[in-house]
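Colleague: I would like to go through this model with you and ask, for each label you use, what stands behind it.

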Amino acid sequence: MGGGRNARGNTRTTGSGKGITESNLVGFNYNDEWSKDLQTMGSYNFSNTINKNESKSNQANFLPTGTIFTESDSKARSENTGNKANFEFEYKINPTTRIVVTPKIDQSRSNSLSESSSFSKDENEASLNESDSKSYRETKSTNFGNTINFNKAFEKKSRNLSFVFNNNNTNSDSESLNQSKTVFYQDIKPNDERNQSSKNGNTLIRIRLILNI
């Protein structure tokens, strides 16, 4: 068995930028001989990573026409979770014949949420514009694979019969949402509002059969 947990500050991770990252890992291995003809092995691993980041800023732009002050803040959170399991079952039908079955499953899920806002004003405290935005994305994926290997050895040296069946099924889904609004106080152009969402799904099945004599 194995496991771990750690938290780190101001560190860079793939796809999440700077922030605080917390990781959790758990795993175990199993090996046993259920009978003189049946041997089993297995392993399982769990992983979870969460990244959080919050920031605030105040900025002043000095222009020939005047000074623009902008206040902005943002926060983001992302999480990745994975489950992996592998098994192997070997059964000896007789001294020259055996069958091996190796199923495996891999599940993953990730989601991310980010929110931001900003407000601008001039040197006379007159409002110029403000904006708010929010985006969310979630992805799920499941992969199941299985291999069945049948092997028969003959008395003649280097002669055997091998039959291999392999299948792999993958299913993935994703969903995203993007919302934003920008208000202009001293400009003739209209306010900008957006609300976009999308969903995608994909299924893939692969089957392979191999016969060796």
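Modeller: Let me begin with a definition: the radius of gyration is taken over C-alpha atoms, and the globule rule is 2.2 Å times the number of residues to the power 0.38. By that rule a compact globule of 213 residues would have a radius of gyration near 17 Å, whereas the protein chain has 28 Å. The C-alpha atoms fill a box of roughly 95 × 35 × 25 Å, taken along the principal axes.

Colleague: What kind of model is this, and which residues do its local features rest on?

Modeller: This is a predicted model, in which local features need pLDDT of at least 70 and side-chain atom pairs count only at pLDDT 80 or more, while totals for chains, interfaces and linings use all residues. Residues are numbered from 1 along each chain as its sequence is written, and side-chain values use heavy atoms, with hydrogens and water left out.

Colleague: How do you know how many helices and strands the protein chain has?

Modeller: Helices (H or I, at least four residues) and strands (E, at least two) are DSSP runs, numbered from the N terminus. Counted in this way, the protein chain has 0 helices and 8 strands, and along the sequence the pattern reads β-β-β-β-β-β-β-β.

Colleague: What makes S2 and S3 a pair?

Modeller: Two strands pair if DSSP finds at least two bridges between them. Strand S2 (residues 20–35) and strand S3 (residues 38–63) have 15 bridges in the antiparallel sense, so by the definition they pair. One of the bridges sets glutamate 33 against glutamine 39 in S3, and the two strands form a hairpin with 2 residues between them.

Colleague: How do you know that S3 pairs with S4 as well, and S4 with S5?

Modeller: The bridge counts again supply the answer: S3 and strand S4 (residues 66–94) pair in the antiparallel sense over 26 bridges, and 24 bridges join S4 to S5, which run antiparallel.

Colleague: What is found in the hairpin of S5 and S6?

Modeller: Here there are 4 residues between the strands, and glutamate 125 takes a positive phi near 70 degrees. The strands themselves pair in the antiparallel sense over 25 bridges, with glutamate 115 opposite lysine 134 in S6. Glutamate 125 is placed in the loop between strand S5 (97–122) and strand S6 (127–153). As background, most residues other than glycine have a negative phi.

Colleague: Why is glutamate 125 called exposed?

Modeller: Buried means under 20% relative accessible area, exposed over 50%, and partly exposed in between (1.4 Å probe, protein chains only). Glutamate 125 has a relative accessible area of 54% and is therefore exposed.

Colleague: And why is asparagine 48 called buried?

Modeller: Asparagine 48, which lies in strand S3, has a relative accessible area of 10% and therefore counts as buried. Contact means heavy atoms within 4.5 Å, and, leaving aside neighbours within four places in sequence, asparagine 48 is in contact with Glu22, Ser23, Asn24, Glu79, Asn80 and Thr81.

Colleague: Are serine 162 and leucine 209 buried or exposed, and what makes them so?

Modeller: Serine 162, in strand S7 (residues 160–184), has 10% relative accessibility and so counts as buried. Leucine 209, in strand S8 (residues 192–212), has 57% and so counts as exposed. Leaving aside neighbours within four places in sequence, serine 162 is in contact with Asn149, Phe150, Asn151, Ile210, Leu211 and Asn212, while leucine 209 is in contact with Phe163, Val164 and Phe165.

Colleague: What share of the protein chain counts as buried, and what share of contacts join residues at least 24 apart?

Modeller: Of the 213 residues, 19% count as buried. Among contacts between residues at least 6 apart in sequence, 59% join residues at least 24 apart.
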